[in-house]
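Open the model in your viewer and keep the selection tool at hand. The tour moves from one selection to the next.

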Amino acid sequence: YKAKFELAKNRLSNRFGFRIPDGGFFLWLDVGDGILAADKLWREAGVKVLPGEYLAKETSSGNPAKRFIRVALVNDFATTSGALDRLTQTL
């Protein structure tokens, strides 16, 4: 995963609050509205991501992950590279 995180770093730079996580195999990207971004990425770019809102508990001040998408870097390197390119072109 180290190579995929470096790839993501090169593709995303400082966009979407990108940072390499301390652990795990996914990125949390701040896209403003995770559900809208996930839908747009699927429809327009063929990229599946998970809205962060689906992974967090609603609180009295709203859902803390509403602005985010979770991007899993689980496919092979070439597929991941293409998906990150389409993600940055689409959002």
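**Ground rules.** This is a predicted model: local features need pLDDT of at least 70, side-chain atom pairs count only at pLDDT 80 or more, and totals for chains, interfaces and linings use all residues. Residues are numbered from 1 along each chain as its sequence is written, and side-chain values use heavy atoms, with hydrogens and water left out. Helices (H or I, at least four residues) and strands (E, at least two) are DSSP runs, numbered from the N terminus.

**Stop 1: the sheet.** Select the three strands. They form an open sheet in the order β1-β3-β2, with antiparallel pairing. Two strands pair if DSSP finds at least two bridges between them. The edges are β1 (26–30) and β2 (50–51), each pairing on one side only. Now show β1 with β3 (residues 68–72): five bridges join these antiparallel strands. Pick Phe26; its bridge partner in β3 is Ala72. Then pick Leu29, whose partner in β3 is Ile69.

Contact here means heavy atoms within 4.5 Å. Axes are lines fitted to C-alpha atoms, for helices over the stretch in contact, and angles run from 0 to 180 degrees between N-to-C directions.

Which residues of β1 are on its covered face, and which on the uncovered one? Leu27 and Leu29 are on the covered face. Phe26, Trp28 and Asp30 are on the uncovered face. In a regular strand the side chains alternate between the two faces of the sheet.

**Stop 2: α1 against α3.** Select helix α1 (residues 2–12) and helix α3 (residues 77–90). Their axes are 10 Å apart, at an angle of about 25 degrees. That makes α1 roughly parallel to α3 (angles under 35 degrees count as roughly parallel, over 145 as roughly antiparallel, 65 to 115 as roughly perpendicular and the rest as oblique). The crossing is right-handed: the near helix is turned clockwise from the far one by less than a right angle.

Show side chains. From α1, Ala3, Lys4, Leu7, Ala8, Arg11 and Leu12 meet Phe77, Thr80, Ser81, Leu84, Asp85, Leu87 and Thr88 of α3. The residues of this contact divide into seven nonpolar, three polar and three charged.

Zoom in on Ser81, in helix α3. Is Ser81 buried or exposed? Ser81 counts as buried, at 12% relative accessibility (buried means under 20% relative accessible area, exposed over 50%, partly exposed in between, with a 1.4 Å probe and protein chains only). Ser81 touches Leu7 and Arg11, not counting residues up to four places away in sequence.

**Stop 3: α2 against α3.** Keep α3 and bring back α2. These helices pack at about 115 degrees, with axes 10 Å apart. That makes α2 roughly perpendicular to α3. This crossing, too, is right-handed. Lys40, Leu41, Glu44 and Ala45 of α2 make the contact with Arg86, Leu87 and Thr90 of α3.

**Stop 4: the loop between α1 and β1.** Select Ser13, which lies in this loop. Ser13 has a positive phi of about 50 degrees although it is not a glycine. Most residues other than glycine have a negative phi. Ser13 is partly exposed, with a relative accessible area of 43%.

Finish on Phe16, in the loop between α1 and β1. The phi of Phe16 is positive, near 60 degrees. Phe16 is buried, with a relative accessible area of 16%.

How values were computed: Nonpolar A, V, L, I, M, F, W, Y, C, P; charged D, E, K, R; others polar.
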